[in-house]
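Work through the exercises below with the sequence and the structure at hand. Each task is followed by a solution in steps.

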Amino acid sequence: MMQNVHLAPEVDEDDLYSGYNDYNPTFDTEDLENDVAFQQAARTSHGRRPPVTAKIPGTSASRPLATGFGDGVARPMTAVHAAGYTKAAVRGSSFDPLGQARGPAPPLEMKNSDSSEEKIRQLEKKVNELVEESCIANSCGDLKLALEKAKEAGRKERVLVRQREQIATPQNINLDLTYSVLFNLASQYAANEMYAEALNTYQVIVKNKMFSNGGRLKVNMGNIYLKQRNYSKAIKFYRMALDQIPSVHKEMRIKIMQNIGVAFIKTGQYVDAISSFEHIMSTSPNLKAGFNLILCYFAIGNGEQMKKAFQKLIAVPLEVDYDDKYISPNDDPHTNLLIEAIKNDSLRQIERERKSMAEEYIMTAAKLIAPVIETSFAVGYDWCVEVVKASHYVELANDLEINKATTYLRQQDFNQALETLKMFEKKDSRVKSAAATNLSFLYYLENELAQATNYADLAVNSDRYNPAALTNKGNTVFANGDFEKAAEFYKEALRNDSSCTEALYNLGLTYKKLNRIDEALDCFLKLHAILRNSAQVLHQIANIFEIMEDPSQAIEWLLQLISVVPTDPHVLSKLGKLYDNEGDKSQAFHYYYESYRYFPSNIEVIEWLGAYYIDTQFCEKAIEYFERAALILPTQVKWQLMVASCYRRSGNYQKALEKYKVIHRKFPENVECLRFLVRLCTDMGLKEVQEYMTKLKKVEKLKEIREQRIKSGRDGSARSRREGNTGGESGGTKGERLSARLKALPGTSEPYESSSSKEIDASYIDPLGPQAERPKTAARKRTDEDDFADEELGEDLLPE
């Protein structure tokens, strides 16, 4: 029990409680209500004070503080003194709780920068900074700078170790810093493909027993040996690392075993690889291991095990939340806003990537094993489809059916492909659109435009945002000649998918048809930015510049084209023609000769080369090319006359005479041949001259009779037309047809159109890819055979 001791009041100017009655323990409330300092203390601290002694600002002594009343015990303390509130504050003095009025605090004691410990500390800090800079440079892709920083960190770390050894015991060496420096240096060596240096650095870490976890770095050494294709050593180091990693690190052990399995696949040891992947699939199944297991069973040809492995692959959990969480269960604005925020965030993108990777593994595995697990690939596909339908990848079943139809296309079994695709007409809109797109493509290839149009309409109606469907619809409209409407469909396809290269290519062709050359060029230049090495695109750009009469640009783009397809004879001949028009005969000869070397049956090229040798006075070399032309077109007398003329121009009259006689036996009514025979026999004084002169007169007379008949036939035809009668056949009178036949050169064909200039690229799901086509023969129309009518056969020997 506390004893009450009555003390006389001791008035202190800093004591706010000096107004109470000394001998009465009750407060004089009337005085307290008028005391401003007391009211301020009551409002701020509620009468609480620290439990021990407190030092009053401005004094140097502390006084005892207590918790009770009476003699020998101090009064209850408030927080007034501790907070700095005094009566002086009430009187107008400044608030100074930190005692700053007494003067500034003394400065901190400066560290001695010259001490050994401080130097070591600063050097250690510099080493850590260099390691961080090296890692940052590596993440930014600057591998060279990262290696330089790692080497510098290694040098400074060795200096640091020597300084520590001089002033302290070896136990004070920072092993963690040494480990991080060496590990970073080895990693940077490996990133710069300096594998020998990286392996040596890793060996330094592994052999040092002071690094407790250094053995794990044997995984990195195994990775380097795997990159060097030293698979036996890679397996050895993977197994050594596996022995040193405890079983609690389950994920790390699984990854190492997966690397061991991959190394066994590289060496062709499929049985050992199967044991590794089977262990993974039984312990911690994942998609990569399941897919690799299927590959191993496929390599050894075990169909039943392929089925089991495929079922294991299907059973691997996706570890991705379903899309239901991104659908609002109600119309709560706050929930909708939250869902909209996470709908396309980085986590959602990772989920999409994982799901896409899983679907790719399953689709690839199904395409791989379907042809071999059953008697036919169709039965195998059906089995895969049933397995997929029973799993949580049920959406892939329709894609497998589409893939089945595509496989029929590759096998050129169009009927089966059509039957398979027609099964999707009653499915949901996405699948229906894909199937209708492929059906439209098939009918377009078979030139059944009505059916192609119907299925293109169905595909567009099922999915208006399907760029392939819109492209095929544009193709059908293009084929019907409505180029403006086709351009609109191609534009809509590009609005839905700006990377649809088929739509962009076809839009460029459409602009060419509409004679909007600048817009066509813009389309193909955009396409060239996407497909840098597309021969079709390069050919179209060069062709447009040729249309725009800009031969220098056309030549430049054709030169890029032959860097992609260096053996295309049409491109080479086109370059030769452009250089010839520019007057550069040497370059023209080079490209024409290269074209002839790859395709020696192009009459246009043969004719140019023969004319080139005639112009350069090498008639003997021209004979080779004209003989080949005569071999290609044996019914045309023109080329054989050129061979004989070359013999005559080179001074070999005997050979020329023999050649003319051979021509006369094949073409006895050829006037030019008889004229040269008469001339040569006269010059050489041969007796056959009279015989050939008689034949020449008969042929000339016969020719005059034919010309008169043709003329009379023309007059009769004109007279019949005037009388309102249509005489002869639809192609004109017999004389007209004969005249046309005499003027035309047999064996000519339409101007060349290479595979790179085909008019329409049909678009469809999972396209088969471009197929190489053999270039067609090209020949321009030449002048009549009357070029040889002149007996002198001067510069008119060869046509333009």
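Predicted model: local features only at pLDDT ≥ 70, side-chain atom pairs only at ≥ 80, totals over all residues.

**Exercise 1. Where is glutamine 617, and is it buried or exposed?**

Step 1. Glutamine 617 is found in the loop between helix 30 (603–615) and helix 31 (619–632).

Step 2. Although glutamine 617 is not a glycine, its phi is positive, at about 65°.

Step 3. With 60% relative accessibility, glutamine 617 counts as exposed.

**Exercise 2. Determine how many disulfides the structure holds, and check cysteine 619.**

Step 1. In general terms, a disulfide is a covalent bond joining the sulfur atoms of two cysteines.

Step 2. The number of disulfides in the structure is zero. For cysteine 619, the nearest cysteine sulfur belongs to cysteine 646 and is 5.4 Å away. A disulfide requires two cysteine sulfur atoms within 2.5 Å, and cysteine 619 is in no disulfide.

Step 3. Buried means under 20% relative accessible area. Cysteine 619 has 6%, so it is buried. Cysteine 673, with a relative accessible area of 0%, is buried.

**Exercise 3. Describe the packing of helix 10 against helix 11.**

Step 1. Two packed helices are described by the angle between their axes and the distance between the axes.

Step 2. The axes of helix 10 (residues 231–244) and helix 11 (residues 250–266) cross at roughly 160° and come within 9 Å. Angles over 145 degrees count as roughly antiparallel, so helix 10 is roughly antiparallel to helix 11.

Step 3. The crossing of these helices is left-handed.

Step 4. Helix 10 contributes Tyr231, Ile235, Tyr238, Arg239, Ala241 and Leu242 to the contact. From helix 11 come Arg253, Ile256, Met257, Asn259, Ile260, Ala263, Phe264 and Lys266.

Step 5. Sorted by class, the contact of helix 10 with helix 11 has 10 nonpolar, one polar and three charged residues.

**Exercise 4. In which helix does valine 159 lie, and what separates its C-alpha atom from that of glutamate 124?**

Step 1. Valine 159 belongs to helix 6 (residues 143–167).

Step 2. Its relative accessible area is 30%, so valine 159 is partly exposed.

Step 3. Valine 159 and glutamate 124 are 35 residues apart along the chain, and their C-alpha atoms are separated by 10.0 Å.

Key: Residues numbered from 1 in each chain as written. Heavy atoms only, no water. Helix = DSSP H or I, 4+ residues; strand = E, 2+ residues; numbered from the N terminus. Buried < 20%, exposed > 50% of the residue type's maximum accessible area, 1.4 Å probe, protein only. Axes fitted to C-alpha atoms, helices over the stretch in contact; angles between N-to-C directions. Parallel < 35°, antiparallel > 145°, perpendicular 65-115°, else oblique. Left-handed = near helix turned anticlockwise from the far one by under 90°. Contact = heavy atoms within 4.5 Å. Nonpolar A, V, L, I, M, F, W, Y, C, P; charged D, E, K, R; others polar.
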